[in-house]
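Work through the following exercises with the sequence and the model at hand. Each task is followed by a solution in steps.

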Amino acid sequence: MAEPRIIPRAEHPISRGYIDPDALKVLYRLHRAGYKAYLVGGSVRDLLTGRTPKDFDVGTDARPQDVRRLFRNSRVIGRRFRLAHVLFDGGKLVEVSTFRRRPDPADAEPGPGGDDDLLIRSDNTFGTPAEDAVRRDFTINGLFYDIATFAVIDWVGGVEDLERHVIRTIGDPEIRFREDPVRMMRACEFAARLDFRMTPGVRAAIEENRKEIRKSASPRVTEELLDPLRRGWGAPTYRLWSETGLLGEIFPALEAEIGGASRGTGLFWKLLAETDRRRGGGEVLSDSILLGVVFLPLLFAAIRARSGGSVDAQKLLLLLEEVVNPEAARLSLPNAAIHDLKQGLFTMGRIAELRPGDPAARRLVTKGYFPVAVGLLSLYSAASGRYRDAARTWEDLLRRGGRTPRPGEDLRAAIPFPEALIPHEETGPTELLLPDEAPPRARTAPRRRRRRGRGGRAGEAA
Ligand code: ATP
Ligand code: MG
């Protein structure tokens, strides 16, 4: 293998002051014990571009068992990919992996796809630093920071691609994507989050091999689907997944609703933009809320298609089963998440109409999915401009409630329902469940809400 490009400390911006102190401890202890100790992967990429890394991974020539011996507070994990976790206070961990190389196809068990089948099934062959660099996915992810010299070591042209804002696979994209199709999702995600462009070869290889994603384990794919939503770059990532045809393979029902001519416009895209905006402001949304965002377009479509736009509670429950169950199975969503997702979507419709003072609402606030419903209503309201008062009222209530009530707890004592909490805007669930872009429908008669006792605000016209 050719020599790497070495960028000495004076010529790159990575200072030890930016490296997590616990990761530094790990690097130094490995180094003092005579091993190579590098910062690897995303942290080097992020530090070189002035971003804050999510985590600091360490690469070394020490074997997992050596690492285990060196750090009392560590354990060896993984089957497909054995590595050591060094644990620190507060649940923090530093991942230490031994340099490895791309598995030799000759060693691999033959896959079900015959000779063409390049899918990697095991990944435990140790190797040199150079081999470890080239087994990584993209050049910008193949850089090392060496604690012995404070230099950046570049075996793959990653520094240049970082400067040019390019996403390039290490080696032939066709092969790298067939070895591990999840890399196609990652290519789009890195392009979206860094605002880099994929090389034409990478882009073409994704379009060409997009069907391969169906071979990947669904929990991995689902993780990739959630990750950009959790981290605040959902909109640009979903856009690239949709444009390249990947989303159509991963989640055809969603692509059918939000892709094609409507890509980039419409409720779903506004919801993603809002989700990203909130994440950017430091708000953390639960996975159930994020899944709700993804499933809302499907639910709206089903309501439009099968109910002519109007839906009662009974029908809505049935539609939720129909819409969510098959996709949830395909995506291997955990049962608890499916439950919260369905109940959250259902309840979102109810709380747009219910007033917090209603007895039914009092029961709702004790439910685990209640925050999901409020979160979804809040996002929906911000994205659509509708139900702002209702959303604000419920958010307020959730904030002031401030805690999850214990089962059986009398909530009248715990959570106040003053008159001022009553939403100003009063609209039925039917309308809530109609997205902005729904075709206009004929109404037989204007819907009138029945008013009971403490319903309306004083002086408000019916
Ligand atoms: P993030 O900020 O999202 O954590 P990251 O680059 O650190 O970005 P990880 O998923 O944490 O991404 O992976 C760490 C490193 O492992 C990557 O930088 C890359 O070098 C390597 N890697 C991860 N996934 C793959 C893959 N599917 N194929 C090859 N290398 C991979
Ligand atoms: Mg990482």
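**Exercise 1. The cavity**

How many cavities of 30 Å³ or more does a search of the whole structure find? State the volume and the lining of the largest cavity.

Solution. This is a predicted model, in which local features need pLDDT of at least 70, side-chain atom pairs count only at pLDDT 80 or more, and totals for chains, interfaces and linings use all residues. Residues are numbered from 1 along each chain as its sequence is written, chains are lettered from A and ligands numbered from 1 in the order in which they are written, and side-chain values use heavy atoms, with hydrogens and water left out.

Step 1. The search gives 1 cavity of 30 Å³ or more. On a 1 Å grid over the protein atoms alone, a cavity is a set of points where a 1.4 Å probe fits but cannot get out, and lining residues have an atom within 4 Å of a point. Points are joined across faces, edges and corners, and a volume is the space filled by probe spheres set on them.

Step 2. The largest cavity holds about 60 Å³. T222, L225, L226, L229, Y238, F251, L291, V294, F295 and L331 line the largest cavity. Two or more lining residues come from each of α9 (218-231) and α14, helices being DSSP runs of H or I with at least four residues and strands runs of E with at least two, numbered from the N terminus. The most, 4 residues, come from α9.

Step 3. The lining has 9 nonpolar, 1 polar and no charged residues, where Ala, Val, Leu, Ile, Met, Phe, Trp, Tyr, Cys and Pro count as nonpolar, Asp, Glu, Lys and Arg as charged, and the others, Gly among them, as polar.

Step 4. The largest cavity lies between domain 2 (165-261) and domain 3 (287-414), because both give residues to its lining; domain bounds come from an automatic or database domain assignment.

**Exercise 2. Helix α14**

Which span should the 21 residues of helix α14 have, and where does α14 bend?

Solution. Step 1. The expected span is 1.5 Å times one less than the number of residues. For residues 287-307 this should be 30 Å, and the end C-alpha atoms are 29 Å apart, which agrees.

Step 1. The bend, the angle between axes fitted to the seven residues ending at a residue and the seven starting there, is about 40° at F295. The proline P297 follows within four residues.

Step 2. In α14, 17 of the 21 residues are buried, that is, under 20% relative accessible area, with exposed over 50% and partly exposed in between (1.4 Å probe, protein chains only).

**Exercise 3. Helix α10**

Which residues of α10 are buried?

Solution. Step 1. They are G234, A235, T237, Y238, L240, W241 and S242. With 7 of 10 residues buried, α10 (residues 234-243) is therefore largely enclosed by the rest of the structure.

Step 1. After α10 comes G245, which has a positive phi near 90°.

Methods
On a 1 Å grid over the protein atoms alone, a cavity is a set of points where a 1.4 Å probe fits but cannot get out, and a pocket is an open set with protein on both sides within 12 Å along at least five of seven lines; lining residues have an atom within 4 Å of a point.
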